[in-house]
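Work through the exercises below with the sequence and the model at hand. Try each task before reading its solution.

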Amino acid sequence: DDQLQKMALGGRVRMKQGSLIKLQYDPKVYEVDADGTIHHVPDEAMAIYVYGVDWAKKVVDVSDVFWGDYTVGGEIAGMLE
């Protein structure tokens with residue numbers, strides 16, 4: 001306990017680049033970019049094309065408390081062109 005008390009708290013950590021995230025109450029899925037920008041995955045066909053048939057197993061629900069740590073960018077389809 002003494003050692004833990006000496007450690008300073010840092011900032012929050014975002015999900016790593018390439019992670020698929022969504023809000024708990026919203027079905028929209030986003031991919032996380034290296035700088036914390038998130039890109040909407042527009043539909044299941046695109047999700048399968050980019051992430052494979054098991055894409056839904058890779059999606060992590062993020063609490064809306066942490067949603068402000070991300071910046072919303074364009075759709076992922078626009079990134080592939």
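**Exercise 1.** Which residue in strand 5 stands opposite isoleucine 38?

Solution. Some ground rules come first. The model is predicted, so to speak of local features requires pLDDT of at least 70 and side-chain atom pairs count only at pLDDT 80 or more, while totals for chains, interfaces and linings use all residues. Residues are numbered from 1 along each chain as its sequence is written, and side-chain values use heavy atoms, with hydrogens and water left out.

Step 1: strands are DSSP runs of E with at least two residues, helices are runs of H or I with at least four, and both are numbered from the N terminus. Step 2: strand 3 covers residues 37–41 and runs parallel to strand 5, with two bridges joining them. Two strands pair if DSSP finds at least two bridges between them. Step 3: the residue opposite isoleucine 38 is valine 72. Threonine 37 likewise faces threonine 71 of strand 5.

**Exercise 2.** Find the direction in which strand 2 and strand 3 run, and describe the turn between them.

Solution. Step 1: strand 2 spans residues 29–32, and four bridges join it to strand 3 in an antiparallel run. Step 2: in this pairing, glutamate 31 has histidine 39 as its bridge partner. Step 3: the two strands form a hairpin with four residues between them, and glycine 36 in the turn has a positive phi of about 90°.

**Exercise 3.** Are the faces of strand 3 buried or exposed?

Solution. Step 1: buried means under 20% relative accessible area, exposed over 50%, and partly exposed in between (1.4 Å probe, protein chains only). Step 2: Thr37, His39 and Val41 on one side are buried, as are Ile38 and His40 on the other. Step 3: for the chain, buried residues make up 30% of the 81 residues.

**Exercise 4.** Describe the fold pattern and the spread of the chain.

Solution. Step 1: the chain has four helices and five strands, in the pattern α-β-β-β-α-β-α-β-α along the sequence. Step 2: the radius of gyration is 15 Å, well over the 12 Å that the globule rule gives for 81 residues, so the chain is more spread out than a compact globule. The radius is taken over C-alpha atoms, and the rule is 2.2 Å times the number of residues to the power 0.38.
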